[in-house]
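Hi,

Here is the structure I promised to pass on. Have a look at it first, then read my notes below.

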Amino acid sequence: MTEAEVRKRERQLMTIGTFARRSRISMRALRIYDRLGLLKPTHVDADSGYRRYRADQLFPARLIVMLRRLDMPLPLIGQILSAPDGAGGELVGNYWDEVERRFEVQRDLARRVQLGLEGRPLPRESLSVYERDCPRQTLLTEQRHVRATELASWIKEATDRLLASAQSYGGPAGARLVIFHGEVSEDSDGPVEICVPIDPARPVEETVAVRTEPEHREAYVPIPRAQFAVPQILSTYDAIVEWAADNDITIVGPSREIYGGDLELDTAGRDDIVCHVAFPITHARG
């Protein structure tokens with residue numbers, strides 16, 4: 001390209017000031033987006049450092065503006081801008097599904113806080129509680145004191161370790177358990193136990209933590225994805241406790257969440273069952 005052609009091309013480009021006005025993005029933000037690789041100028045003058053942009057860059061620029069109005073983080077915006085055809089729309093949909101789930105949790109939490117501050121009773125959950133008999137199980141287990149902010153990441157890490165160990169014994173022989181031996185919050189740390197059932201007929205290495213879960217009867221409630229987050233899921237625990245008291249049933253063991261199948265929280269639909277909340281119980285003798 002000759003020098004004259006270069007100059008002609010540069011004249012056809014927009015200065016950063018013009019591009020900022022047309023895209024409704026400040027020049028400061030454009031420089032940040034350049035540094036992050038989100039929206040790089042077409043040409044940067046080697047001597048002056050002036051940035052210039054093409055007209056067809058207005059679409060991604062305006063897309064950034066719209067996504068920022070959705071409070072979308074810049075790293076995710078970068079993924080959307082670089083995604084192949086069609087994939088960017090799916091990323092936006094996934095992001096907004098999570099936003100709506102978070103808003104639903106926050107709406108319920110705000111309602112509960114408001115009722116508490118006004119001295120009004122919290123609404124009692126209307127849930128169907130079921131019962132079942134659970135057989136004796138041999139469990140690979142990992143237990144830890146963990147607070148609420150660490151819980152999700154530790155559960156995933158511990159579950160992955162136990163599932164890997166279970167392969168040496170023919171794979172998992174039942175649904176995974178997360179057992180809460182104490183309260184988990186910002187101030188309380190459980191402990192929490194992760195368990196993966198294995199075939200009891202297989203000999204277990206001495207280096208592996210394993211225990212036996214005795215047969216028992218269990219009260220449980222299936223949890224859809226929409227009710228999985230805190231505080232909704234905590235209401236389920238309360239509902240089972242209230243149901244037991246109303247029916248002269250005694251809770252005889254720690255609460256647990258039971259996970260079966262391959263359904264992942266990130267891909268589950270609003271009404272998909274992602275786990276069961278359960279308590280071991282015994283009926284009063286008449």
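**What I found**

Let's start with strand 7 (residues 192-198): seven of its seven residues are buried, so the strand is largely enclosed by the rest of the structure. Buried here means under 20% relative accessible area, exposed means over 50%, and partly exposed is in between (1.4 Å probe, protein chains only). Strands (E, at least two residues) and helices (H or I, at least four) are DSSP runs, numbered from the N terminus.

Before going on: this is a predicted model, where local features need pLDDT of at least 70 and side-chain atom pairs count only at pLDDT 80 or more, while totals for chains, interfaces and linings use all residues. Residues are numbered from 1 along each chain as its sequence is written, and side-chain values use heavy atoms, leaving out hydrogens and water.

Back to strand 7. V192, I194, V196 and I198 point one way, E193, C195 and P197 the other way, and all are buried. Strand 5 (residues 137-144) pairs with strand 7 in the antiparallel sense over seven bridges, with R144 opposite V192. Strand 6 (residues 176-180) is also antiparallel to strand 7, over four bridges, and there L177 sits opposite C195. Two strands count as paired if DSSP finds at least two bridges between them.

There's also an open sheet of three strands, in the order 1-3-2 with antiparallel pairing. Its edge strands are strand 1 (14-15) and strand 2 (43-44), each pairing on one side only. Two bridges join strand 1 to strand 3 (residues 51-53), and T15 has R52 as its bridge partner in strand 3.

Cheers
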